[in-house]
Amino acid sequence: MAGETYYTDTYAPAERYRWTIGVLLGVGVLVNYFDRVNLSVSHDALVDSFGITPQVFGQLSAAYSWTYAACQLPTGVVLDLFGVRKVTLWSVLIWGIASLAAAFAPGIIFFFAARLLLGIGEAPTFPANAKAVGAWFPAHERSLATALFDGSAKLANAIGVPLLGLLLLEVGWRWSFGFTAVLSFAYMALFALLYREPGRFSMRNVIRTPSIVPGGDAAQIIAPPIPLGQLLRQKKIIGLAIGSGAYNYVFYLLVTWLPTYLAQTQHITLQQSFLYTGVPWLVAAACGFLIGGVLVDTLIRHGYNASTVRRTVLIGGTICGLGIVGAAFAHTVTAALVCITLSIGGLSAASPVIWSLPSFLVPNTSTGKVGGIVNFANQISAILAPIVTGYTVGATHSYTLAFAIPAIYIVIGIASYFVLLGRIEPIDVREALQG
């Protein structure tokens, strides 16, 4: 393993408990995404209740992302100030209230407001999880730890769409939103019971210096927080944000439109589309966990260059995302599912690498802000994807242009990984602080 560099902390007292934290974060994302997929499942029911058009549904799908995006940069600052536990508890309380409000919405305006509130509540989730993983897990385990919560986003689509879809068909869309509200409050209680800040378990707020042996002792240097403005000037962070935004465009296109796309283009019933929708997401969850998590960490532990391993999975998985184009020309359900599965499966393998990078690029005092920057780029995509898809489908009565647009974005994202992100290694903190 000559020449390999690792960045390690002393995690021994938390050796067992940190995996409890990893699973806890995954459960939170699962519940979190049930709230998000509930809207796509309810498409036809909302059309019947409120008489909305495809364009209005696209705007409604994006409403959540407007406030989610607006809160990202402030959320990163707040996380670095107050920590994961306090911010997450308030976050879950707000998103649970938002789901409950949607269940009782008397009209489209009130429902729209509930989705805006949901975006505020769920905004800290991924930056908080990235910060928690950086604090609780040593460098050589972070891809797997990240895959636990990142894969839950795909698993939520795999099991949430058919589960919530069948629930909706049996008892109506209001009860399905009420069900996710109950799950949210239950998770808040679980998080309050289990999560603690790891200050007494490990060194925090440090720049990790190189150690040749994974898990070995490393010298620690106290690092002050890097100002948000300085982080926004770092090429590596910009490159990461652009590439992540490309991934998230495809993700949110499928989250909000996949059941409707299958029903409309493949001429199947809505109930069938709910069941078929689970297939790509199950594969995506497996790819994220096995490739982006287990494989990455295993190769690094066996001496392969850490930057090369992560870059290979990151770029290779993103290239697979171009499979989305094939779905526009698919004439059978099988062909459509193969193209979509290739796209979201590859992107999902890359996703745990994306979310492990904030804790590699900067010390823990600035991880929340970097997570906020990345997720801000993600949510710009989350806003655009459902709206642009709604307008292009409404105007062209086809998904060809709707699926070509994310392919162009993915090409830009791949270029940003090569040109801006480059080798995966910490930024120069002293240089960043000096501006």
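The exercises below, each with a worked solution, concern a predicted model.

**Exercise 1.** Determine in which helix tryptophan 257 lies, whether the residue is buried or exposed, and which residues it touches beyond its neighbours in sequence.

*Solution.* Begin with the helix: tryptophan 257 belongs to H11, which covers residues 235–265. Next, take the relative accessibility, which is 2% for tryptophan 257; because buried means under 20%, this residue counts as buried. Then turn to the contacts: leaving aside residues up to four places away in sequence, tryptophan 257 touches Pro54, Phe57, Pro386, Thr389, Gly390 and Tyr399.

**Exercise 2.** Describe the largest nonpolar core by stating how many residues it has and which of them have the most contacts inside it.

*Solution.* The largest nonpolar core has 116 residues, and those with the most contacts inside it are Phe111, Phe251, Leu254, Tyr261, Trp281 and Phe403. The largest share of this core comes from H11, with 16 residues. As an example, take tyrosine 261, whose contacts, not counting residues up to four places away in sequence, include Ala327, Ile340, Tyr399 and Phe403.

**Exercise 3.** Explain why the rings of phenylalanine 251 and tyrosine 252 are classed as they are.

*Solution.* The structure holds 22 aromatic pairs. For phenylalanine 251 and tyrosine 252, the ring centres are 5.5 Å apart and the planes stand at 65 degrees; since planes over 60 degrees apart count as edge-to-face, the pair is edge-to-face. Tyrosine 399 and phenylalanine 403, by contrast, form a tilted pair, with 5.7 Å from centre to centre and 50 degrees between the planes.

**Exercise 4.** Identify which arginines lie over the ring of phenylalanine 360, and at what distances from its centre.

*Solution.* Arginine 142 lies over the face of phenylalanine 360, at 5.4 Å from the ring centre. The charged end of arginine 310 also sits over this ring, 4.1 Å from its centre.

Technical notes. Residues numbered from 1 in each chain as written. Predicted model: local features only at pLDDT ≥ 70, side-chain atom pairs only at ≥ 80, totals over all residues. Heavy atoms only, no water. Helix = DSSP H or I, 4+ residues; strand = E, 2+ residues; numbered from the N terminus. Buried < 20%, exposed > 50% of the residue type's maximum accessible area, 1.4 Å probe, protein only. Contact = heavy atoms within 4.5 Å. Core = buried A, V, L, I, M, F, W, Y, C linked by side-chain atoms within 4.5 Å. Phe/Tyr/Trp six-rings, centres within 6.5 Å; stacked < 30°, edge-to-face > 60°. Lys NZ or Arg CZ within 6 Å of the ring centre and 35° of its normal.
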